[in-house]
Amino acid sequence: MPLINMPDFAGTLLDEFAARATERVDTPVIQPAEPFLDMAGEDLRRRIFMTENERGASLCLRPEFTIPVCLRHIETATGTPKRYAYLGEVFRQRRDGADEFYQAGIEDLGDTGIASADARAIGDAHAILARLLPGRTLVVTLGDQAVFEAVVKALGLPAGWQKRLIQAFGNPEQIDQLLRKLGSPNPVQGLDPEIVEMVSSGRDWALIARIDETMQATGYSTNASRSPTEIARRLKEKLELAETRLDGAALLLLREFLSLELPLSEASAALAGFADAAGLKLGSALSRFDERVAALANIGLDLTRINYRAAFGRPLDYYTGLVYEIGVKGEPAVLAGGGRFDRLLTLLGAENHIPAVGFSLWLDRIETERART
């Protein structure tokens with residue numbers, strides 16, 4: 001069947017995917033909206049084209065391929081490891097470019113050799129772009145959410161603050177706002193002093209009883225979506241977050257970590273030096289980072305051309321470790337991007353843990369770059 005309305009290099013892409021022992025897969029354009037709304041992150045959620053079926057169920061036009069490919073893998077009960085390739089249209093509002101465009105990519109599911117699978121994903125994306133853009137100098141930007149999470153946890157912040165910071169990873173403005181709040185906490189105003197005392201003294205039973213009494217008296221309990229116990233838990237978390245203050249030294253350490261940016265060839269030593277100087281135990285996160293660096297060197301990628309940025313992330317909530325993007329040196333457009341999403345398949349309903357890594361290619365941006373003289 002001829003490829004219609006696709007770039008003229010689509011056939012080359014399919015040849016590249018076949019050479020990498022992938023199975024070509026397609027997914028319906030109309031998708032259930034819930035998985036994207038729950039797992040893809042705020043940046044993608046506000047760009048989705050929504051609709052609903054005759055029964056009122058929320059649907060959307062396919063905004064990306066990773067979640068649909070994973071859902072299909074679970075539904076077909078296919079064993080792993082498995083490598084899927086895709087090429088098709090996605091639909092989402094963009095700041096620049098058309099809202100309907102083509103993406104292609106590979107999702108690598110179930111390979112327990114984490115470092116080698118990470119390196120293969122970066123190497124495949126790099127090699128495909130090199131073939132499509134001969135003579136261009138490609139630049140890889142790499143981050144690691146797992147290392148950031150290890151730093152945040154090692155600082156001993158409350159769980160609620162850890163969650164907030166981790167969710168903001170890769171969003172510099174949001175991270176900066178959170179760090180400012182940690183440096184200058186702003187206590188919640190207007191609460192009944194008796195309720196504040198119940199929270200601070202740990203009298204959860206009294207707090208729950210008080211909330212239940214208030215809900216009954218106001219008639220709110222009959223329409224409430226949350227129980228008194230849930231409301232009490234959320235109130236305690238809100239007060240804890242508002243009153244937590246990160247001491248100046250720890251705040252400086254976190255900012256110092258986020259400022260790290262250097263060639264990947266120097267990154268392992270820099271991270272180890274930072275952890276030692278700060279007295280932080282980052283454990284397995286650093287070990288996995290070092291193993292990935294070694295695996296990238298083993299497949300022949302030039303580590304001096306890969307830029308490690310400690311604050312670099314991608315705007316999808318399902319990433320858990322490696323994140324990366326590839327572009328042409330001197331050009332702002334991101335041509336390929338991907339990362340590791342080890343928790344996603346379990347969240348989507350897989351019975352067993354399935355490690356996963358992959359990447360997407362923006363075909364309209366590649367086509368534009370190919371047209372440049």
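In this predicted model, L142 stands opposite Y324 in strand β10. The model is a prediction in which local features need pLDDT of at least 70 and side-chain atom pairs count only at pLDDT 80 or more, while totals for chains, interfaces and linings use all residues. Residues are numbered from 1 along each chain as its sequence is written, and side-chain values use heavy atoms, with hydrogens and water left out.

**The sheet around β10**

Strands (E, at least two residues) and helices (H or I, at least four residues) are DSSP runs, numbered from the N terminus. Two strands are said to pair if DSSP finds at least two bridges between them. Strand β7 (residues 138-144) pairs with β10 in the antiparallel sense over seven bridges. Strand β11 (residues 336-340) and β10 also pair in the antiparallel sense, over four bridges, and here I326 stands opposite A336 in β11.

Is β10 enclosed or open to the outside? Seven of the seven residues of β10 (residues 322-328) are buried, so the strand is largely enclosed by the rest of the structure. Buried means under 20% relative accessible area, exposed means over 50%, and partly exposed lies in between (1.4 Å probe, protein chains only). In a regular strand the side chains alternate between the two faces of the sheet. Both faces of β10 are covered, with L322, Y324, I326 and V328 buried on one side and V323, E325 and G327 buried on the other.

Nine strands form an open sheet of mixed pairing, in the order β1-β5-β6-β12-β11-β10-β7-β9-β8. Its edge strands, β1 (23-24) and β8 (261-263), each pair on one side only. β1 runs parallel to β5 (residues 82-91), to which two bridges join it; the bridge partner of R24 in β5 is A85. Helix α1 (residues 10-19) packs on the sheet, touching β1, β5, β6 (100-109) and β12 (356-362). Contact here means heavy atoms within 4.5 Å. The direction of α1 makes about 160° with that of β5, where axes are lines fitted to C-alpha atoms, for helices over the stretch in contact, and angles run from 0 to 180 degrees between N-to-C directions.

**Backbone features in the loops**

Most residues other than glycine have a negative phi, and most peptide bonds are trans.

The peptide bond from T80 to P81 is cis, with omega near 0°. P81 is found in the loop between α4 (66-75) and β5.

**The second largest pocket**

A pocket is an open set of points on a 1 Å grid over the protein atoms alone, where a 1.4 Å probe fits, with protein on both sides within 12 Å along at least five of seven lines; lining residues have an atom within 4 Å of a point. About 290 Å³ of space lies in the second largest pocket, the volume being the space filled by probe spheres set on the points, which are joined across faces, edges and corners. Its lining has 20 residues, of which D144, A146, R288, T320 and G321 lie nearest the centre. Helices α5 (114-132), α6 (145-154) and α14 (283-298) each supply at least two lining residues, and the largest share, five residues, comes from α14.
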